[in-house]
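The sequence and structure follow.

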Protein chains: 2
Amino acid sequence: MTELASHRNRQIRLAARPVGLPTDRDWQATTEPVAEPDAGGVLVQTLLLSLDPAMRGWMNEGKSYIPPVGIGAVMRAGGIGRVVASKNPAFAVGDLVSGMLDVQDYALVPESRLKAAALFRIDTRLGTPAQWLNVLGMPGMTAYFGLLDIGQPKPGETVVVSGAAGAVGQTVGQLAKIKGCRVVGIAGGAAKCDWVVRDLGFDACIDYKSGPVKDGLKAECPKGIDVYFDNVGGEILDAALARLAPKARIVICGAISQYNATEGVKGPANYLSLLVNRARMEGMVVFDYAARFPQAVAELAGCLRDGRLKSREDIVRGGVEQFPSALLKLFRGENMGKLVLEVAAA
Amino acid sequence: MTELASHRNRQIRLAARPVGLPTDRDWQATTEPVAEPDAGGVLVQTLLLSLDPAMRGWMNEGKSYIPPVGIGAVMRAGGIGRVVASKNPAFAVGDLVSGMLDVQDYALVPESRLKAAALFRIDTRLGTPAQWLNVLGMPGMTAYFGLLDIGQPKPGETVVVSGAAGAVGQTVGQLAKIKGCRVVGIAGGAAKCDWVVRDLGFDACIDYKSGPVKDGLKAECPKGIDVYFDNVGGEILDAALARLAPKARIVICGAISQYNATEGVKGPANYLSLLVNRARMEGMVVFDYAARFPQAVAELAGCLRDGRLKSREDIVRGGVEQFPSALLKLFRGENMGKLVLEVAAA
């Protein structure tokens, strides 16, 4: 244990609230010594960090479903780590855990913060550590509850999902296929579209970079859209609104196209389609479903095991210093599958 | 009966699809002789016509919940009339009826169109003919099903309704009071606000002409908005979105501020408040609830009788020629209560 004091904890802190895309000036790298946990606490070495569109919102001031990251604070991030010191009987040295580890090499979690950090041991028989940040983690939970609880797809219905090749989108589409729906993805570029159709079994995927999404939706959704799962907002949301079937359900999960907008969010001009089609648009926050995560994890792990569900992670290597540039990959749509930063080799 | 042939049927027809507010050039007045009904049909003399924001949408080309009015066709309108000739045993001369009579002195309804015209006898023991266009008619049905089925207000919740002094708004607010809610209206001008608070019992009313609606909502909805019933769209919808309580329900009933927009509808820029607040925005079309109208009419008539519900109609006199100018009154917000055109004295 005395060895720990010789390790240094590199951290990425929020230095300023970004305007538009985060730049180098919005971050500050710091290094601290690694400290021993107090009674009831644990020390976790970060192995993998999750990169999420929602992070952009956490960097803004103002009311949201979660408080903003403070200026000068270590950037908030979920991740997978290994317990390297424990004064809590629920965690043993060597355990692999998931939780809010933040963008740093070592997360010191006192007993009082165990719950807020949502620290729990992961079972690698159910999935790899990276899969625990993807289909068995928040993106998978978001897909599962957003699609099934809010979207309520019925067999034979048409489900459209934007950000189809992203962490949430890949699982939304596959779950909708398992439910017997026609599934149409929307993604940027032929490679992503090919992947979700050929590997994941989507019925079609519209490349928003190659032509108007509304034309693609017209061709691929002849009976209209029954469930639209929106990860992107902006013009794609408007195109989907224009193609709703009666009694359609729109799940508002995210709006990555708008998170870096400097001139205000673009509201969906076609929202009156909700009226004409007696349709519904509803927001969801995955943390509300925490009590049901174990059930969802068990079901999704079963689907992974029997091959009905595939998962893809896009792993960036290089340590916490790579966090600022990796985050930009996400907003530029350069990731295929769940974007993960490898901080240390497992 | 031979006397009928001496009557002339003045009609207002749609001459062109308006751009922005309808102008005189969009209308054409015609006169036809009055004809006898064929077997199974009825002839109805128009007494009152309903003036509705939805009429503006009917004048546009394109897909909606109801086909557009054809160019050259008599303008569609609901109304109250008296049967003056009948070859159908369900209707007797002298009966007062409600239905789609259109903007004309006489509606000849053949048997094949009785259902499409939704013709039915009204019971004036339940309400006056004008009330049958208001709280016992489509506005009342819209308020009843929109608020109760879509909005689902619970006692103690805060309900906000825009267009509060309009046909739908006045009943939405009163029904929400009956359900035990805190009710805040939004209307234009002190006279309307005073009326809904003093006469109708709203807890408060925000005058959107006297200051920012968001400030008013902040002051009057300290716990946030649980149900927002939207008749207006535009900036007021955005202000309400910014003030939602968790799990709020927004009923999209109309968007009168946008119906005459010439530069496209303004989408609600604050729609991501749905996500943050796990809230829902849902459209409704009153005709979907037709099977339940009798139950709603009975309940609303009971409330009228025992004084828990008041109704106000703003009656324009002068015959069908007044229809174009009366319609503009609606879009200028010059009506207080349900706007009705008196075509002939009852």
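## A buried helix

A residue counts as buried here if 20 or more other C-beta atoms lie within 10 Å of its own, the C-beta atoms being placed from the backbone. The model is a predicted one, and everything below should be read with that in mind. By this criterion the buried residues of α2(A) are Met138(A), Pro139(A), Gly140(A), Met141(A), Thr142(A), Ala143(A), Tyr144(A), Phe145(A), Gly146(A), Leu147(A), Ile150(A) and Gly151(A). Because twelve of the 14 residues of α2(A) are buried, the helix is largely enclosed by the rest of the structure. Gln152(A), which follows α2(A), has a positive phi, near 45°.

## Helix packing in each chain

Two packed helices are described by the angle between their axes and the distance between the axes. For α2 (residues 138-151) and α8 (residues 293-305) of chain A, the angle is about 100° and the axes are 10 Å apart; the two helices are therefore roughly perpendicular to each other. From α2(A), the residues Gly140(A), Met141(A), Tyr144(A) and Phe145(A) meet Phe293(A), Ala296(A) and Leu300(A) of α8(A). Sorted by class, the residues of this contact are six nonpolar, one polar and no charged.

In chain B, helices α2 (residues 138-151) and α8 (residues 293-305) likewise pack at an angle of about 100°, with 10 Å between their axes, which makes α2(B) roughly perpendicular to α8(B). Here Gly140(B), Met141(B), Tyr144(B) and Phe145(B) in α2(B) meet Phe293(B), Ala296(B) and Leu300(B) in α8(B), and the contact again divides into six nonpolar, one polar and no charged residues.

## A sheet built from both chains

Twelve strands form an open sheet of mixed pairing, in the order β10(A)-β9(A)-β8(A)-β11(A)-β12(A)-β13(A)-β13(B)-β12(B)-β11(B)-β8(B)-β9(B)-β10(B). Its edge strands are β10 (204-207) of chain A and β10 (204-207) of chain B, each of which pairs on one side only. Neighbouring strands are turned by 15° against each other on average, direction ignored. The helix α2(A) packs on this sheet, where it touches β11 (225-230), β12 (244-252) and β13 of chain A, and its direction makes about 145° with that of β12(A).

Between the chains, β13(A) and β13 (residues 280-283) of chain B pair in the antiparallel sense over three bridges, and Arg280(A) has Glu282(B) as its bridge partner in β13(B).

## Contact and symmetry

The contact between the chains takes 25 residues from chain A and 25 residues from chain B. On the side of chain A that touches chain B, the elements giving two or more residues are α7 (273-276) and β13 (280-283) of chain A, and the largest share, four residues, comes from β13(A). That side has 15 nonpolar, five polar and five charged residues.

Chain A is superposed on chain B by a rotation of 180° with 0.0 Å of shift along its axis, the RMSD being 0.0 Å; that is the relation of a two-fold axis. The same surface serves both copies, since 100% of the contact residues of chain A recur in chain B. Gly267(A) is the residue of chain A that comes closest to the rotation axis, at 2.1 Å (C-alpha).

How values were computed: Residues are numbered from 1 along each chain as its sequence is written. Chains are lettered from A and ligands numbered from 1 in the order in which they are written. This is a predicted model: local features need pLDDT of at least 70, side-chain atom pairs count only at pLDDT 80 or more; totals for chains, interfaces and linings use all residues. Two residues are in contact if their C-beta atoms, placed from the backbone, lie within 7 Å. Ala, Val, Leu, Ile, Met, Phe, Trp, Tyr, Cys and Pro count as nonpolar, Asp, Glu, Lys and Arg as charged, and the others, Gly among them, as polar. Two strands pair if DSSP finds at least two bridges between them. Axes are lines fitted to C-alpha atoms, for helices over the stretch in contact, and angles run from 0 to 180 degrees between N-to-C directions. Angles under 35 degrees count as roughly parallel, over 145 as roughly antiparallel, 65 to 115 as roughly perpendicular and the rest as oblique. Copies are superposed by least squares on the C-alpha atoms of residues with pLDDT of at least 70 in both.
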